[in-house]
Amino acid sequence: MRSLVNAFDWERTPLGANERWPQSLKAAVNLMLECRLPMYIAWGPQFTQIYNDAYRPILGNKHPAALGARAPDTWPEIWPTIGPMWQQVLEGTPVGYDGFKLTIERYGFPEDVYFNFSYSAVHDDDGARAGVLVAFAETTEQVLSESRLRFLLQLEDATRVLEDSSDITLTAARLLGEFLNVNRCAYADVEEDEDTFNLSGDYNNGVDSIVGRYRFVQFGGECLRLMRENEPYIVIDSETDPRTSAVRDAYRATKIRS
């Protein structure tokens, strides 16, 4: 990353050529590039970005365009949140949080992520606060693992006292639907033909119930094939997925989009 930073055409950014940078900025950048933890600096009123190798996975597809770009342009989806924090830093108050949730779009879709982070000021050669140093660690997997464990314990507590199978499936569907924050979650038992299923115990939030008897093939041949192979069938958008093109009316009728 050091070679990439050194080779970058900084003349086309508000920072100008790196040999003319303030000594304080040069020192901060050298320290950052040596660090194995994700770090980056946003310098000047435009918050021009410089970052190290460990920060690149955080950027996802935003790299390499983010190098030398304005932070508000790179992170428009979270700028209303982090922008005021950075202003607070420039006014003299460092900011830091553990397990802070942000919804970013580093791969072209919204993604909930969690960070432990610290925002602190970087001073220019005159001692003025001229930039923001960001140091952090992504804790998404840890936070989600803890959340999933809490959910499983909640599910166990809620179903332990139930005896009727329909009560168990309804409770499980409701709790899972609430945990995932989805519109619908349901349970289905598959008949011996491995082609027909009876959907029951559904949780609905803003959509109608679709309890009833269906055939897998109604929702596409790929759905049936994967079910028979004990593999998950995942559709991100039924309006655009080519596997649903021939049966799109079935998805629309049941209001299943993803």
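## Start at a tryptophan

Keep in mind that what you're looking at is a predicted model. Select W86 and show what surrounds it: leaving aside neighbours within four places in sequence, W86 is in contact with Y40, A42, F47, A71, W79, Y119, V132 and V134.

Now widen the view. W86 belongs to the largest nonpolar core, a set of 43 residues, and along with Y40, I50 and Y119 it touches the most other members. Where do those members come from? As background, nonpolar side chains tend to be buried together in soluble globular proteins.

Next, hide the side chains and pick out the strands. You'll find an open sheet of five, in the order β2-β1-β5-β4-β3, with antiparallel pairing. Look at the edges: β2 and β3 each have a single partner strand, so one side of each has no neighbour in the sheet.

Zoom in on β4 and β5, an antiparallel pair joined by nine bridges. Click F117 and look across to β5: which residue is its bridge partner? That's F136.

Time for the helices. Select α5, which lies across β1, β3, β4 and β5 and runs at about 125 degrees to β5. Then try α6 (residues 140-160): this helix lies across β4 and β5, at about 140 degrees to β4.

Conventions:
Residues numbered from 1 in each chain as written. Predicted model: local features only at pLDDT ≥ 70, side-chain atom pairs only at ≥ 80, totals over all residues. Heavy atoms only, no water. Core = buried A, V, L, I, M, F, W, Y, C linked by side-chain atoms within 4.5 Å. Buried < 20%, exposed > 50% of the residue type's maximum accessible area, 1.4 Å probe, protein only. Contact = heavy atoms within 4.5 Å. Pairing = 2+ DSSP bridges. Helix = DSSP H or I, 4+ residues; strand = E, 2+ residues; numbered from the N terminus. Axes fitted to C-alpha atoms, helices over the stretch in contact; angles between N-to-C directions.
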